[in-house]
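Please consult the sequence and coordinates below while reading.

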Amino acid sequence: MVEKKLVLFNRKSINISNFLSISRVFIAVLMIVFLVKGYNIWLIFLLGVIAALTDVFDGYFARKLNQITELGKILDPVADKITIICLVIVLIYLRGFPVWLVILIALRDLILLLGGLLVIGKLKYVISSNIPGKVTANVLALLIASYIIDLKFIQDYLVVLSSFLIVISLISYCFIY
């Protein structure tokens with residue numbers, strides 16, 4: 001039996017799609033610094049929109065330019081998770097983001113990380129993001145935006161929807177694993 005080898009880093013890994021995924025984390029760091037320093041909320045919101053666009057375009061360019069890599073399959077969701085977790089932790093202190101929801105997000109991400117590592121270790125394969133996972137990430141982005149620009153009238157609805165989608169996406173990934 002021939003053992004499969006997972007190759008994360010090669011020349012094909014250095015591409016626009018992976019650059020966009022990595023840049024999302026740096027944009028999140030800027031957003032956090034600007035939030036803590038009390039910069040203009042709309043500037044922070046604009047950075048959030050740019051971060052969301054990097055998420056859209058990294059996948060678009062990967063498919064369009066045939067640049068789908070194993071590294072990219074890891075970088076994209078990891079960048080999403082780092083961005084979301086870091087922002088919500090800061091928003092706990094600055095805007096009263098629900099701590100229990102941050103714990104739910106972190107638990108789901110930890111379970112997905114461990115499951116992903118198990119799959120990579122046993123099957124030498126990286127599982128791509130799925131539709132429930134992408135929808136969850138987008139709703140969480142809307143929720144974060146609602147806390148950044150302080151849209152209290154929609155926050156409760158987005159908290160409930162996000163909670164539901166976090167559980168649904170976890171279940172969907174468990175079926176994949």
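The following paragraphs treat confidence, pockets, a surface patch and salt bridges in turn.

The model is predicted, so local features need pLDDT of at least 70 and side-chain atom pairs count only at pLDDT 80 or more, whereas totals for chains, interfaces and linings use all residues. Residues are numbered from 1 along each chain as its sequence is written, and side-chain values use heavy atoms, with hydrogens and water left out.

The protein chain has a mean pLDDT (the predictor's confidence in each residue, from 0 to 100) of 89, and 93% of its residues reach 70 or more. Confidence is highest in H1, at a mean of 95, and lowest in H4, at 88. Helices are DSSP runs (H or I, at least four residues) numbered from the N terminus.

Two pockets are compared below. A pocket is an open set of points on a 1 Å grid over the protein atoms alone, where a 1.4 Å probe fits, with protein on both sides within 12 Å along at least five of seven lines; lining residues have an atom within 4 Å of a point. A volume is the space filled by probe spheres set on the points. Nonpolar covers Ala, Val, Leu, Ile, Met, Phe, Trp, Tyr, Cys and Pro, charged covers Asp, Glu, Lys and Arg, and polar the others, Gly among them.

| Largest | about 1,000 Å³ | 20 nonpolar, 11 polar, 10 charged |

Of the 19 residues lining the second largest pocket, Gly-48, Ala-51, Ala-52, Ala-141 and Leu-142 are the closest to its centre. Helix H5 gives the largest share of that lining, seven residues. In the largest pocket, at least two lining residues come from each of H1 (16-37), H2 (41-64), H3 (70-95), H4 (99-123) and H5 (131-148).

On the surface, Tyr-39, Leu-43, Leu-46, Val-49, Ile-50, Leu-53, Val-56, Phe-57 and Tyr-60 form a nonpolar patch with about 750 Å² of accessible area together. Patch residues have over 30% relative accessible area and no salt bridge, with nonpolar side chains joined within 5 Å; areas come from the Shrake-Rupley method with a 1.4 Å probe. Val-56 belongs to helix H2.

The whole structure holds eight salt bridges, each a side-chain nitrogen of Lys or Arg within 4 Å of a carboxyl oxygen of Asp or Glu. One of them joins Arg-24 and Asp-58 (3.3 Å, N to O). Because Arg-24 lies in helix H1 and Asp-58 in helix H2, this pair ties together parts 34 residues apart in sequence.

How values were computed:
Patches are made of residues with over 30% relative accessible area and no salt bridge: like charges are joined within 9 Å, nonpolar side chains (Val, Leu, Ile, Met, Phe, Trp, Tyr) within 5 Å.
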